[in-house]
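Student: Pick one part of this model and take me through it closely. Once that's clear, carry on from there and link it to other places worth a look.

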Amino acid sequence: MNEKHVIQNVQRLFQNLLNEYVILALLLCSVGLVTAQNSESKVSGTVTSEKDGEPLIGVSVMVKGSSVGTITDFNGAFTVSAKSGQTLVVSYIGYLKQEVKVTGSTVKVSLNEDNKSLDEVVVIGYGVQKKKLNTGATVQVKGDELLKQNTTNALQAMQGSTAGVNITSTSGQPGKGINVTIRGVGSINGSNPLYIVDGVQTGNIDYLSNSDIASIDILKDAASAAIYGAQASNGVVLITTRTGTKGASKISFDSYYGIQNIAKKVQTLDASQYALIMNEQAINEGNSPLYPTTGKAAFLSNYDDTNWLNSITNKNAPTYNYTLGMNGGSDASVFSLSLGVTGQDGIFGNHKNSSYERYNFKINSEHNFYNNFLKVGQHLTFAYTKTSGINEGGLYSGSPIRGALSTSPFLPMYDDNGAYLNNTAGKSTYKGSTWTPWSPGEANPYALMNEKESHSAYQKTIGDIYAEIQPIKNLKIKTTFGLEYNSNSERTFMPVYQLSSLTYNNVDYATQRLSNNLTWNWDNTASYDFKINEHAFTVLLGSSMRKYQGEFLYSKNANLTIADYNHAWISNTTNTATSALWEYTGGPDDESMMMSYFGRLNYNYKEKYMLNTTFRADGSSHFAPGNRWGYFPSVSAGWVVSNEDFLLNNNTVDFLKVRLSWGQGGNQNIGAWKYLSKINTANTYYYYGNGTNSNNLSTIGSSINVTGSYPSLGNETLLWETSEQTNFGIDAKFLKSRLGITLDLYNKNSKDWLVDAPVRPESGASTVLINGGDVTNKGIELALTWNDKLNKDFSYNVSGNISYNNSVVGNVPTADGIIAGNSNEAYANAAALYRKAQSGYPIGYFWGYKTDGILQNSTEVKNYVASMKNGSANNTLQGRNITSGDVRYVDVNGDGAITEADKTMIGKPTPDFNFGLSLGFTWKAFDFSLTSNGVAGNEIFQSYRDYGNKSANYTTAILGRWHGEGTSNELPRVTETNINYQISDIFIHKGDFLRISNIQIGYDFAKNIKWKYLSQFRWYVAVQNAYTFTSYDGMDPEVGYGTADTGNTGSSVSSTSGVDLGYYPRPRTFITGVSLKF
Amino acid sequence: MKIFKNILIATAGMLILSGCSDFLNSDPTLTLVETNYYRTEKDAQTALVGCYDGLQNIFVKDDLPGLVAPTIMSDECFGGGGTGDGKGDDLIDQFDKTLSPSDLNMYKVVYQQSYLAIYRCNMLLSKMDQVTWSSQTTRNQVEAEAKFIRAYTYFELVKLLGKIPLVVKPVTPTEAAMLAQANTDDIYKLIESDLLFAAENAQLKGAKWTDSWAKSNDGHVTVFAAKSMLARVFLFYTGYYNKTTLPDGTTSTTVTSALQEVYETNSGHGLVDTYKNMWPAACSSRNATDTITGLSSTYVGEANKETVWSVKFNSTGVWGNMDGFSGMRLLGMRSGTVKSFGTTVYGDGAWGCATVNPKFVSTWKTEEPTDPRIVSSIIDFKSEGLTLADKHDQREFTGYYNKKYTCLGNGTSNIYTKQKLDFQWNEYQDFVVIRYADVLLMLSELTGDAKYMNEVRKRVGLVDVTYSPEALRAERKHELAFEGIRYWDLLRYDYTLKYAADAVSFSGTVTNGYGDKTGTAKVIDGQKLVDCRGISQFPNDIISLSNGLLFQNDGWK
């Protein structure tokens, strides 16, 4: 029954569009005229919302062709002077304008919501554009949708809703960052997009509260992004914060509270299982068993049975948010302000050592002078963030999660005195006797996590002030001064403790770190819209200057006067004797400057044929004079097929646009002065003179020379990385706009990476930074939406998207075409588990031996050995001791020996497919929504155990090991060595998953409570991370962790991802919340 | 409209932002750049510190050079290590790449760091003319020290890896990419001329070594160090390559008279009275009280008169730039090996590499039964009453460890850890490259006169002997055991390498970790040493970087 209704709305919409300019012109003409209308008759009426029949407050009701008008009161009622036969123009923000002919003394108007109309506007670089005229590949997410996801980070809320944008948490720990990769990884120097918040560039948007965001627009193709030139190669994310709207001022209040728990726990061996495996391990090594056949219980009685993962788990960790917003305005000024508090505790650790708190304050305003001749406005956001986190990441980070997975259950938590047991021989009493370490050197991971206390605080102020004049109609000249100021502090207290002979801290100390940085930018643009007959043009010219500067100070010293966190300040430390305990450093950050000129020409003919072109010139201080300037062009074209006569009144196709674009963007992510050969004075010294130990040294030399690896030799010829992309896309709406389709195909070639190429060490350096290497990402993205309203009470929507990306590295500028990965990542002393780049492979792929099952019996062993060169067991990886139960490593190159040369690609961390599906409905006052997201075609490298340490605990997966012919063809026999755990596909797991990320049911009491000021009182319950469909046996298949590397940016870059070393999983959260608007 | 015009002009001005080309210029404030350096004598002195630091880095950034690898390759020690460790040390011990096929880059770091050190020396040497010097003597002294460091680095590298590229001035990456393997004679020519220059111009020219000089200058290259090093190079080159002179003609006579100057002209150097007092672990005992070091010791200190030259180490490093002797962490006894470390002066927690060859010990005991140097040089489980801990994972356990260079403990832990230092990075015992005892032994060898070696014997209470090559060789073996010298001696005694092959050949039993009740057979085939001419595996990564200009050594292909 509603189809007719929809058609009417669409027709009305088109009509409104046509009339809009006429009306505006008429209104403008009438300004200042004192009208002498005949006001004998009065018309009164009410305006309600078509959707729910609720009265609308503050609706403008104008008599068409006059300046007579009014606004509705709190009951939606109005009275206006109008004669029968005149037309009333009823308009309201967020609703479609309606015209009503006056036929009597009363009028009833119900307005339709203006959702997803074709007149949508998208944000593009330095401006906005009608979505239907956009010829690039962009995607927009509305703030309201982000708000509904109840995440502390807006990017996380976007997961699954943006085709071609791969969003992964780098950790499930509160406050940890989000990796955003747009259309595949384009560089080994990181692939983070450029973030622009209200025109101000910033490094991340962690500081933003979801409720402050009006929309996020992602520029995916080069043509859209190229106007950001040298920083656009990885795509651009444009964030628009909420601004005020004219009309009655409104207050909104959003809050939620939730409890978080681990969604899926990995099971480690308990003491009995562990004893069994350890015993078997010893026997397999030819050693004597740990206990006689009947003596297991007696053996176990010497030890504890600790579940370390449980010990570090924080149950029912809270998460909460309270945001108060106000906005409103008049013709002269509009404003929007908000105040918010967000907090989240970790599901590991406790509030003290894993938590996140953020306080946000935002005020945006705009002021109108001289009838729109001059507009002055500002954006300002301040965020104060407090975090503390448990260690995570690599093997040597001291991660309690990894510790909990690998510490033996035999180790007791406490000794007989109730103190953390010191796992050093003879140093603790346990069960009445002196403790003899089962596994010397292993340390209580719970204690390790709790001993240190560290908190950080970040303060960010970001905003801008702008002025725009419109000297002649449609010529807008705008100048913007923006800044971002960050102030960071961190303080750590480390007490004295001893947990094992290798894990101890002998002297208490404090560290204090302070830094601040300021970035300012000054942007100037002039844009002019004009029309020559049916040819419409918009010209934009602009310039931009940007400068980053900062400073830091760090100090560490020992021997606190009072050894606790509260007193852990450098001024309270007393050590003056031992220089090794005393660290200090401070200095300026490397400055970074950029200067840019840019321009854009948009053209369309009857909104049917579009041509857009941009050009940007960027100068960057990162490069040597002479190589500073880079030039980035783009061109794109579109054809609105549905505006052609043959489709104009088509019943099926409402809108159809095809578009084609090409453009170039750059990446200048290297540190400052890489073009100079620097002489390193820091840390280069040699002590001459006598001394029996470090405390007895005399002359302190200071040394100066070009050192080996860092900084590397300068290279004056360094240039930008460039990414070139072609995009073909289709946007369409069918079946009365109920079905929307967006399809994009792209080919992105990112080249001239800034690569540390290994050079012969005879040159005085191991590497030198050069331009070289490229990767091609090709892909396809499809997004479908379906919205329908079955009746007055029930409407529903379904949307889904899927994207495919294929990434292949072209050339790598090293002798062997390989940029190797780092070793010691999978476990201590393990070989590299990945390669950063190699021609013909994806970036950061997993690299190791292929295996072909387990050698089941001595015949298989014999045959395997016989297949080796000279039939020699020495040519197997296991060597002469190879036996049944060992892994059959594959001789990939067929040379009869298992060597490094047999290592090959065993997986890749980047998915082939990203997808998301969401659905929702509203029925009367109820609403329901479900969102999900997933990936397919990627692998995870799982390594929880340190295979160099024979006593490390296993997960229960090891119970399925080979322990006799036919018992397993996947997991080798247990041994005390790592011979069956050389880097191979044994560690590789499928990474596909589909996560039901949010299920929500809400009820809006405002629909029943007839309080005139209240427009929304929605109460809802939600489950986040409700369920994950996956075959992965880890705690979370969304493993954003990669290996930490210092990239050429000088900051940390991950060259791979999907490495699960005991990854902090995302919690499952039950949330309840309210949203109030009044 | 005039106002609009003005606004337009102002806007155009804003857009152009003229005169801002300086905006993009900046200079680093925390670092110096090559162009504004090497001007003053102070610059040169600090650059020289950079050369020493580069030398130190070779030993800091890798465990093997100088001491560990040669003791493993020689008949003194096995590979050792943990049962779960890689078998790289076995590969070194047995000259057999099949023992650990994936270890293709055992000496990559050594190679890299050596050339980085050489680069620093070359850089300084190439800038000598642009420095304003206070005197020619100072200039020569700086030049001599840089040349000595370059010569020593090359000498160590050429012995280890054979044909290596020769770089005598700073080269760019492009120039470096074109470097091929040099003729070893050309490398020795450079070493020869560098040492000859250093022998005449280094520190203590015309002066004596004194305690007070050493107090603040120990570590600096002296003319005595250069003369002694020249003799060592001479003996190795002529022995290993079967020559009579160094490639540029330096004769035995020249070398002998240079050594005589260290000896006869009363250089100030001499033998320390008590042998064991040169080695911290050998001369220390546990204190009753648990003090910082926890040890009472008769150690003579690093800059003693017997130290002709050493590479210095400290515990003052910071993460990323350590300055301790990394090889020590390998040599210390393996964590959890001794049942009760608390009763010893040895540190717990080290890696237990280079376990001492029992044949070496038993031969010594036969050759010189009363030699007190045995106790000073070797940790002997049995005679020191040590017992193996349960569940230890020491591979190739023999009951013996190197005592001269081992981690120290004080009853509960490493003395380093007691000082809040990580023993892995902060082993501050210097690596004594040349002792005066070696000078004496070389003098005997060059002159055939036993009087010098008898001074060495006399110190440890042994009776005089008459000179014979075998007596001299035995004396060197005992006096200089576990100091990284023996292996090179073995190679040079007989250029056919039969002597060395016989010495390193081994057939016997070792214990591989807890539970290896019966012991494991161990065989070293000396022929493997002959096959590779005693030269080690060239780092494969460097070969692949060289675009076919560098080649793998024989025996490792």
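Tutor: Let's start with A:Asn314, in the loop between helix 7 (308–312) and strand 18 (317–329) of chain A; helices (H or I, at least four residues) and strands (E, at least two) are DSSP runs, numbered from the N terminus. Bear in mind that this is a predicted model, where local features need pLDDT of at least 70 and side-chain atom pairs pLDDT 80 or more, while totals for chains, interfaces and linings use all residues. Residues count from 1 along each chain as its sequence is written, chains are lettered from A and ligands numbered from 1 in the order written, and side-chain values use heavy atoms, leaving out hydrogens and water.

Although it sits in a loop, A:Asn314 is buried, at 16% relative accessible area (buried is under 20%, exposed over 50%, partly exposed in between, with a 1.4 Å probe and protein chains only). Its side chain gets to within 2.9 Å of the backbone oxygen of A:Gly346. That's a polar contact: a pair of N or O atoms within 3.5 Å where, within protein, one must be able to donate a hydrogen and the other to accept it, and residues adjacent in sequence count only if both atoms are side-chain atoms. Leaving aside residues up to four places away in sequence, A:Asn314 touches A:Gln260 and A:Asn261, plus A:Asp345, A:Gly346, A:Ile347, A:Phe348, A:Gly349, A:Asn350 and A:His351 (contact means heavy atoms within 4.5 Å).

One of those neighbours, A:Gly349, leads us to another asparagine. A:Asn524 is 175 residues from A:Gly349 in sequence and 49 Å away in space, C-alpha to C-alpha. A:Asn524 belongs to strand 28 (residues 509–532) of chain A and is buried too, with a relative accessible area of 0%. Its side chain makes polar contacts with the side chains of A:Thr479, at 2.6 Å, and A:Trp522, at 3.5 Å.

Now the rings. Rings of Phe, Tyr and Trp (its six-membered ring) pair if their centres lie within 6.5 Å; planes under 30 degrees apart are stacked, over 60 edge-to-face, and the rest tilted. That gives 83 aromatic pairs over all chains. A:Phe615 and A:Tyr631 have ring centres 6.3 Å apart and planes at 15°, so they're stacked. A:Phe615 is in strand 32 (residues 609–620) of chain A and A:Tyr631 in strand 33 (residues 629–640) of chain A, so the pair ties together parts 16 residues apart in sequence. A:Phe615 itself is partly exposed, at 42% relative accessible area. Over in chain B, B:Phe95, B:Phe155, B:Tyr188, B:Phe236, B:Tyr237, B:Tyr240, B:Tyr241, B:Tyr487 and B:Trp488 make up one aromatic cluster.
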